[in-house]
Amino acid sequence: METRYEEASKVTILAILWNVFLSVIKIFAGVIGNSTAMIADGIHSASDIITSVGVLIGNKISSKPGDKEHNYGHEKAETLVSFLLSIILIAVAVTIGVDGAKKMLNLNEVKVPTLMPLVVAVISIAIKEYQYRITIKVAKKINSPALKADAWHHRSDAFSSVAAFIGIGGAMLGYKILEPIATIVVAVIVCKVALEIFINAMNELMDVSISEEEEKKILEYCKNTNGVKHIKTMRTRKHGAFAYVDLVICVDGNLTVIQGHDIASDLEKKLIDEISLIKGITVHVEPCSNKVDSCDKEISKEPQILKEHICTECNSKDCLNNSK
């Protein structure tokens, strides 16, 4: 079975080869066929080569195990690459948009292209959409933020080729203004996607929590673990394609240290084995000493409630199981 790094590398190397081919034929067709839109599209494809190389480097670094300087591993390299790719995408979008605006103001300078760049635009749309689909499929499978960003870069290139196709076709039919209008629309779409990638990457670099749905799943496993009376606190943080979890649980205060440790170890093993997202987990055990109310009963708190409360049962302000 292929590793995460091998799967990501295979699809990324394929993308680099396709982008080299597309860059050459687009720039050639643009120069020969009098199409500045196709030349710009070729430059966009060339930028894909740079980003794909960045993804390769990020995946290589993230696959390294933890060391003395990076005890938690190097998975955030993927997030960092995703962050950098989003900035490149924004720059590309601005460049495309400015180019389109300039053309709208200088329609007389727009030359009527030949058929060649129109055909190349169709070929590019098909190839880039194919690249997007295979890349996003692998990105979702291995949960790689960098690969997801690269996939959207492929689709933005497809959008760029669509704009070039509309512009070239419109210019050939005598409607020169269609080219700059389509170019500006594509720039807005690419910028929107880039900003979403940028925000997600920024959040992960700032240790954003995992989704509420994933947190609910963790709490359900806690509820179904023998010996766990309450879940007092849970903190999670994304770490590239994975996550780390810190839990504070309540157990019967009359248990021995070994018995409490065994409950925590059982919970840790269960979560790591059953939830592939979790790379590491720390479970802190505290005694549930109040026997008057529900400390000796089953966990009754709904798992979706994660806010801190005053816990009258476990004497803790942040017990997640407090229903009062």
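These exercises work through a predicted model.

**Exercise 1. Judge the confidence of the model: where is it lowest and where is it highest among the helices named?**

Step 1. Start with the whole protein. Its mean pLDDT is 79. Of its residues, 88% reach 70 or more.

Step 2. Go to the helices. Confidence is lowest in helix α2 (residues 36–62), at a mean of 77. Confidence is highest in helix α4 (residues 115–142), at 91.

Step 3. Look at residues 291–313. Here the pLDDT is below 50. Beyond near neighbours in sequence, this stretch has 58 contacts in the model.

**Exercise 2. Describe how α7 and α8 cross, and find which residues meet.**

Step 1. Locate the helices. Helix α7 covers residues 212–223, and helix α8 covers residues 257–274.

Step 2. Take the axes. They come within 10 Å and cross at roughly 140 degrees. That makes α7 oblique to α8.

Step 3. The crossing of α7 and α8 is right-handed.

Step 4. List the contacts. From α7 come Ile 218, Tyr 221 and Cys 222. They meet Leu 267, Lys 270, Leu 271 and Glu 274 of α8.

Step 5. Sort by class. The contact of α7 with α8 has 5 nonpolar and 2 charged residues, and no polar ones.

**Exercise 3. Classify the ring pair of Trp 18 and Phe 21: stacked, tilted or edge-to-face?**

Step 1. Count the aromatic pairs. There are 3.

Step 2. The ring centres of Trp 18 and Phe 21 are 6.1 Å apart, and the planes stand at 70 degrees, so the pair is edge-to-face.

How values were computed: Residues numbered from 1 in each chain as written. Predicted model: local features only at pLDDT ≥ 70, side-chain atom pairs only at ≥ 80, totals over all residues. Heavy atoms only, no water. Axes fitted to C-alpha atoms, helices over the stretch in contact; angles between N-to-C directions. Helix = DSSP H or I, 4+ residues; strand = E, 2+ residues; numbered from the N terminus. Parallel < 35°, antiparallel > 145°, perpendicular 65-115°, else oblique. Left-handed = near helix turned anticlockwise from the far one by under 90°. Contact = heavy atoms within 4.5 Å. Nonpolar A, V, L, I, M, F, W, Y, C, P; charged D, E, K, R; others polar. pLDDT = per-residue confidence, 0-100. Phe/Tyr/Trp six-rings, centres within 6.5 Å; stacked < 30°, edge-to-face > 60°.
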